[in-house]
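Okay, thanks for having me. Have a look at the screen.

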Amino acid sequence: MKKKSLFILIIIFLILTSIYVFIPYKQLVNEYIFNIFKPKFQVSEIFSKVDNNKNRIADVLDIVNGANNEAQSKTKYISNYYNGGYPPENEGVCTDVIWRGFKYADINLKDLIDEDIKNNTKLYPRVAGKPDPNIDFRRVPNQDVFFSRYCLSLTTEVKSRNDENLKEWQPGDIVVFTKGYEHVGIISNIRDKNGIPYVIHNTKPHASTMKLSYFTAPIHAHYRWKFN
């Protein structure tokens, strides 16, 4: 019985070896094995070390920590209109991840956006000529216009295991989607083994993180705040 089992194993081994050597799937097998055992790809860190709020943490990492707090708290995705503009701490939408992240760096995004809309209303189509401080700063198109005016605009491409490309995606960066659905998130300080960063965002049912390459909508814009 043991001899028979050994013989069967030898036959299976020979068949698999023949498949690997002689048919055109050899390259696919090689790539699959390489993907399992390949080392983690290290991406150059070039994010700002400015610490304007003097808390001994780079402001850009304050933003990431503020956004991460949303994901860790699993802030419920609830879209409502609120007098005063700010939603309760335990609820919000994707744009709330952004201003809450910036708040950790002592940057009041609401005041900045409201002021720019007030002075440049025509540049903000979503406002339709009637600014409303109770909601304007929480709309994706308005955040997009504001960031396009005051941030660095960077690549919208994402290339696995490519340092030149991936080092342009740094923690605290802002990624915007507009085609298919309006959405915005903050780039995390966590990457996968290929160097692809994760995005901190809020969509139903709650705030979470997701790999940037998993988003199906095309990336509309990629911004980086200018720290002075």
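Predicted model: local features only at pLDDT ≥ 70, side-chain atom pairs only at ≥ 80, totals over all residues.

**A walk through the helices and loops**

Let me start in a loop: Pro205 sits between strand 6 (197-203) and strand 7 (206-211).

Now the overview. The protein chain has seven helices and eight strands. Of its 228 residues, 42% are buried. If you take the contacts with a separation of 6 or more, 62% of them come from residues 24 or more positions apart. As for the surface, the chain exposes about 13,400 Å², and carbon and sulfur atoms supply 57% of that.

Next, helix 4. How many of the ten residues of helix 4 are buried? Nine of them are, so helix 4, residues 94-103, is largely enclosed by the rest of the structure. The buried ones are Cys94, Thr95, Asp96, Val97, Ile98, Trp99, Arg100, Gly101 and Phe102. Notice that Asp96 and Arg100 are on that list.

One of the elements packing against helix 4 is helix 3, residues 59-73, at an angle of about 130° and with the axes 7 Å apart. That angle makes helix 3 oblique to helix 4. The crossing of the two is right-handed. On the helix 3 side, the contact uses Asp62, Ile63, Gly66, Ala67 and Glu70, and they meet Val97, Arg100, Gly101 and Phe102 of helix 4. By class, that contact has four nonpolar, two polar and three charged residues.

Now the other helix pair. Helix 5, residues 109-119, packs against helix 6, residues 140-150, at about 85°, with the axes 11 Å apart. So helix 5 is roughly perpendicular to helix 6. Helix 5 brings Leu109, Leu112, Ile113, Asp116 and Ile117 to the contact, while helix 6 brings Asn142, Gln143, Phe146, Phe147, Arg149 and Tyr150. That contact counts seven nonpolar residues, two polar and two charged.

Is Tyr124 buried or exposed? Tyr124 is buried, with a relative accessible area of 1%. What does Tyr124 contact, leaving aside its neighbours within four places in sequence? The answer is Asp116, Ile117, Asn142, Val145, Phe146 and Arg149. Among those, Asp116 and Ile117 also belong to the helix 5 side of the helix contact, and Asn142, Phe146 and Arg149 to the helix 6 side. There's also a C-alpha distance to mention: Tyr124 and Asp144 are 20 residues apart along the chain, and their C-alpha atoms are separated by 9.4 Å.

Most residues other than glycine have a negative phi. Ala128, in the loop between helix 5 and helix 6, has a positive phi of about 55°. Ala128 counts as exposed, at 60% relative accessibility. Then there's Asp106, in the loop between helix 4 and helix 5, with a phi near 60°. Asp106 is exposed too, with a relative accessible area of 61%.

That's my tour, and I'm happy to go back to any of these spots.

How values were computed
Residues numbered from 1 in each chain as written. Heavy atoms only, no water. Buried < 20%, exposed > 50% of the residue type's maximum accessible area, 1.4 Å probe, protein only. Helix = DSSP H or I, 4+ residues; strand = E, 2+ residues; numbered from the N terminus. Axes fitted to C-alpha atoms, helices over the stretch in contact; angles between N-to-C directions. Parallel < 35°, antiparallel > 145°, perpendicular 65-115°, else oblique. Contact = heavy atoms within 4.5 Å. Nonpolar A, V, L, I, M, F, W, Y, C, P; charged D, E, K, R; others polar. Areas by Shrake-Rupley, 256 points an atom, 1.4 Å probe, with all protein chains shown as cover. Left-handed = near helix turned anticlockwise from the far one by under 90°.
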